Amino acid sequence: HLKKNYSNRSLKRKEENKLALQEELGLKVDPNIPMLGMVTRLAGQKGLDLVAHVLPEILELNLQIVVLGTGEPQYEQMFRHFADTHPEHVSANIRFENALAHRIYAASDLFLMPSLFEPCGLGQLIAMRYGSLPIVRETGGLKDTVKPYNKETDEGNGFSFANYNAHEMLDTIRRAIDLYETGKDGAFKRMIGRAMREDFSWKASAKKYKELYKALLESL
């Protein structure tokens, strides 16, 4: 589905996917504009009310937003409206299309999941595998899997905010964009590498279960 396959050792090829998607969707073709992806059900549970509250302010950050999904009419209409009024910066794809979902994950620099609740969450896991750094609310599986960036220790695989609050989300997006602009070839790039190397497979989980059961047996 991708313009170019890539790994954490060939991130220049990821940029080629970004340029190809920008052209495909009619966005401004520019590798230096951060792209924020959303592949999601357009519903309140997914935090779309937060996005609706501050979307004009998000667009002041000079980024591109690419949305794929269907759901509640008010959110479908919201994204269509902003795609009409900001055609070089918003792409609203109100449908389900598996191939396009892959291209969005591959092209995006950041991936937004501000969910009200999320027992597990797959989007953030897929995004990290593709080197698209997740911006999530700290709930359920999102909190379990996304380690927020720590400037002092240069650790983390994404960005997060704790409270279900639109402006807290906005501040987190601003921090992510700032790191993209100031550390694209440094801290931001290192974080992409960490995200892509994360192992959320059953092999890793099975090892942890085995260690737990062994510890329990030894304590008897």
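**Reading the labels on a predicted model**

Q: Why is N62 called partly exposed?
A: In this predicted model, N62 has a relative accessible area of 42%. Buried means under 20%, and exposed means over 50%. The value of 42% lies in between, so N62 counts as partly exposed.

Q: What makes the phi of N62 worth a remark?
A: Most residues other than glycine have a negative phi. The phi of N62 is near 55°, a positive value, and N62 is not a glycine. N62 sits in the loop between α2 and β2.

Q: Which other residue has a positive phi although it is not a glycine?
A: D154 is one, with a phi of about 55°. D154 lies in the loop between α6 (140–145) and β6 (159–161). Its relative accessible area is 24%. That falls between 20% and 50%, so D154 is partly exposed.

Q: How do you know that strand β2 is largely enclosed?
A: Count its buried residues. Five of the five residues in β2 (residues 64–68) are buried, so the rest of the structure largely encloses this strand. Both faces are covered. Q64, V66 and L68 are buried on one side, and I65 and V67 on the other.

Q: Why are β1 and β2 said to pair?
A: Two strands pair if there are at least two bridges between them. β1 (residues 35–39) and β2 have five, so they pass the test. The pairing is parallel. M35 stands opposite Q64 in β2.

Q: What is the hand of the crossover from β1 to β2?
A: The chain leaves β1, passes through helix α2 (residues 48–59) and reaches β2. This β-α-β crossover is right-handed. Viewed with the strands pointing away, the path over the helix runs clockwise.

Q: How do you know that β2 pairs with β3?
A: Four bridges join β2 to β3 (residues 90–93). At least two are needed, so these strands pair. They run parallel. I65 stands opposite V90, and V67 has A92 as its bridge partner. β2, helix α3 (residues 73–85) and β3 also make a right-handed β-α-β unit.

Q: What makes K12 and E15 a salt bridge?
A: Their side chains meet at 3.1 Å, N to O. The limit is within 4 Å, so the pair qualifies. K12 and E15 both lie in helix α1 (residues 12–25), three residues apart, about one turn of the helix. K12 has 59% relative accessibility. That is over 50%, so K12 is exposed.

Q: Why does the pair E15 and K184 count as a salt bridge?
A: The N to O distance is 4.0 Å. The cut-off is within 4 Å, so the pair counts. The pair links distant parts of the chain, 169 residues apart. E15 is in helix α1, while K184 is in the loop between α7 (166–183) and α8 (187–197). K184 is partly exposed, at 25%.

Q: How do you know that E24 and R103 form a salt bridge?
A: Their side chains meet at 2.8 Å, N to O. That is within 4 Å, so the pair qualifies. E24 in helix α1 and R103 in helix α4 (residues 98–107) are 79 residues apart. E24, R95, E97 and R103 are linked in a network of salt bridges. The whole structure holds twelve salt bridges.

Technical notes. Residues are numbered from 1 along each chain as its sequence is written. This is a predicted model: local features need pLDDT of at least 70, side-chain atom pairs count only at pLDDT 80 or more; totals for chains, interfaces and linings use all residues. Side-chain values use heavy atoms; hydrogens and water are left out. Buried means under 20% relative accessible area, exposed over 50%, partly exposed in between (1.4 Å probe, protein chains only).
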